[in-house]
Amino acid sequence: FVWTWRDSARRLIDVSTPRRTWEALPVPLRGEHQAVNTALVIATLDQLPEDVVTLTPELVRAGLAATDWPARVEVIGHEPTVILDAAHNWASAKALLE
């Protein structure tokens with residue numbers, strides 16, 4: 001699979017898999033690593049047999065839009081900006097810093 005930012009300010013990506021291209025998918029969580037994670041999930045779901053699961057762009061967008069992960073790069077204050085993050089390992093902490 002291949003993914004690209006369609007609009008990084010609005011956190012939208014395009015994902016191309018061997019089966020199809022998914023366009024303008026929302027990345028519900030902050031951070032470029034979450035765009036990679038989102039693309040990986042889409043590529044994985046796209047491998048499911050169509051007689052088992054029927055995925056439409058509308059269903060995928062709705063599912064992504066409903067994704068919420070409290071305490072994961074969560075902005076809890078402004079002026080000054082306060083970010084709450086429960087980075088649970090070094091890779092998560094590094095991604096947060098980036």
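**Rings, a helix and one alanine**

Okay, arginine 72 lies over the face of tryptophan 69, 5.9 Å from the ring centre. A charge sits over a ring here if NZ of Lys or CZ of Arg is within 6 Å of the ring centre and within 35 degrees of the ring normal.

Before I go on: this is a predicted model, where local features need pLDDT of at least 70 and side-chain atom pairs count only at pLDDT 80 or more, while totals for chains, interfaces and linings use all residues. Residues are numbered from 1 along each chain as its sequence is written, and side-chain values use heavy atoms, leaving out hydrogens and water.

Next, aromatic pairs: rings of Phe, Tyr and Trp (its six-membered ring) pair if their centres lie within 6.5 Å, with planes under 30 degrees apart called stacked, over 60 edge-to-face and the rest tilted. The count comes to one aromatic pair. Tryptophan 3 and tryptophan 5 have ring centres 5.5 Å apart and planes at 80 degrees, so they are edge-to-face.

Gln34, Ala35, Thr38, Ala39, Ile42 and Ala43 are buried in α1, meaning under 20% relative accessible area, with exposed over 50% and partly exposed in between (1.4 Å probe, protein chains only). The buried residues of α1 pack against β1, β2, β3 and α2.

Alanine 24 is in strand β3. Is alanine 24 buried or partly exposed? Partly exposed, at 24%. Alanine 24 touches residues including Arg6 and Arg61, with contact meaning heavy atoms within 4.5 Å.

How values were computed
Helix = DSSP H or I, 4+ residues; strand = E, 2+ residues; numbered from the N terminus. Lists of a residue's contacts leave out its neighbours within four places in sequence.
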